[in-house]
Amino acid sequence: MSRNVFRLHLLSLPVSGVCCVHALEMSTGKVPFLEAVNGSTVLLPCTYASCIGITNLYFKWEFNDNGTMQKVADSVIPTDHVEPNKVNIYRERVEYVGSSKENNISILLWNVTFEDVGDYVCFGKNPKEKGKNHSAIFTLYVVEELREVDNTLTIMIASCVGGFIAFLMAFMLLKNFTLFVLAKIEEKNKECLVTSSGIENTENGLSGSKSTPKKA
């Protein structure tokens with residue numbers, strides 16, 4: 001096989017071969033933690049993505065109880081965009097709210113208590129990957145009441161920025177007004193120069209036109 005033919009063969013390989021190392025990805029969001037008020041209902045988010053598709057994707061949620069993993073929920077998704085037949089729930093106050101159409105396997109945790117504090121692991125296993133496991137962690141904190149955020153510094157910064165912008169606008173207006181006045185003064189001076197020059201030329205013309213009297 002020539003070198004050019006070999007290159008063409010490489011280019012013709014399916015895209016899935018490029019990303020099969022991390023074909024399945026589990027994600028609990030850009031901010032994988034939440035601080036919730038005691039007694040509230042919270043969403044534990046988790047989504048999955050695969051560039052080679054899924055077949056009988058097994059997923060489960062587990063709670064890390066001081067090193068002991070407790071199963072919260074699990075099920076099997078037959079294929080892409082097909083909902084699981086049944087989602088097994090192993091913990092009270094838990095509801096599955098995922099959607100296979102959106103690659104979403106999130107759960108709700110109702111009436112959270114301080115006992116719910118900890119790490120929740122979203123686990124996925126795609127048989128197409130020959131036994132590889134993938135997971136993502138979401139951490140839940142429970143408080144009696146949400147802390148008030150001190151916005152003093154933010155207000156001070158906003159006030160300083162607003163004052164600077166107002167000063168800059170006033171400076172620009174004053175600058176433009178000054179330039180306008182100077183331009184008017186310069187224009188007036190030019191008019192005066194032109195008028196004076198015209199008067200001088202007229203006087204010189206009249207004096208030059210006087211006739212010399214004839215001798216008798």
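This is a predicted model: local features need pLDDT of at least 70, side-chain atom pairs count only at pLDDT 80 or more; totals for chains, interfaces and linings use all residues.
Local features were taken at pLDDT of at least 70 and side-chain atom pairs at pLDDT 80 or more, while totals for chains, interfaces and linings use all residues. Residues are numbered from 1 along each chain as its sequence is written, and side-chain values use heavy atoms, without hydrogens and water.

Six strands form an open sheet of mixed pairing, in the order β2-β11-β10-β5-β6-β7. Strands are DSSP runs of E with at least two residues, helices are runs of H or I with at least four, and both are numbered from the N terminus; two strands pair if DSSP finds at least two bridges between them. The edges are held by β2 (33-37) and β7 (88-89), each with a single partner strand, so one side of each lacks a neighbour in the sheet. Strands β6 and β7 run antiparallel and are joined by two bridges. Asp-74 has Asn-88 of β7 as its bridge partner.

The largest nonpolar core has 26 residues, of which Met-26, Tyr-48, Trp-61, Ile-105 and Leu-140 touch the most other members. Such a core consists of buried Ala, Val, Leu, Ile, Met, Phe, Trp, Tyr and Cys residues joined through side-chain atoms within 4.5 Å. Buried means under 20% relative accessible area, exposed over 50%, and partly exposed in between (1.4 Å probe, protein chains only). Beyond four places in sequence, the contacts of Tyr-48 (heavy atoms within 4.5 Å) include Leu-24, Met-26, Ile-77 and Ile-105.

Four salt bridges were found in the whole structure, each defined by a side-chain nitrogen of Lys or Arg within 4 Å of a carboxyl oxygen of Asp or Glu. Lys-60 and Glu-62 pair at 2.9 Å, N to O; Lys-60 is buried at 16% relative accessibility, as is Glu-62 at 14%. Lys-71 and Asp-74 pair at 3.6 Å, with Lys-71 partly exposed at 35% and Asp-74 buried at 6%. Arg-93 and Asp-116 pair at 3.0 Å. This pair links the loop between β7 and β8 to the loop between β9 and β10, 23 residues apart. Asp-116 is buried at 0%, whereas Arg-93 is partly exposed at 30%. Arg-91, Arg-93 and Asp-116 are linked in a network of salt bridges.

A nonpolar surface patch, including Leu-153, Ile-157, Phe-164 and Met-172, has about 1000 Å² of accessible area together. Patch residues have over 30% relative accessible area and no salt bridge; like charges are joined within 9 Å and nonpolar side chains (Val, Leu, Ile, Met, Phe, Trp, Tyr) within 5 Å. Leu-153 lies in helix α3 (residues 152-208) and is exposed at 56%.

Notes: Accessible areas come from the Shrake-Rupley method with a 1.4 Å probe; for residues, only the protein chains shown count as cover.
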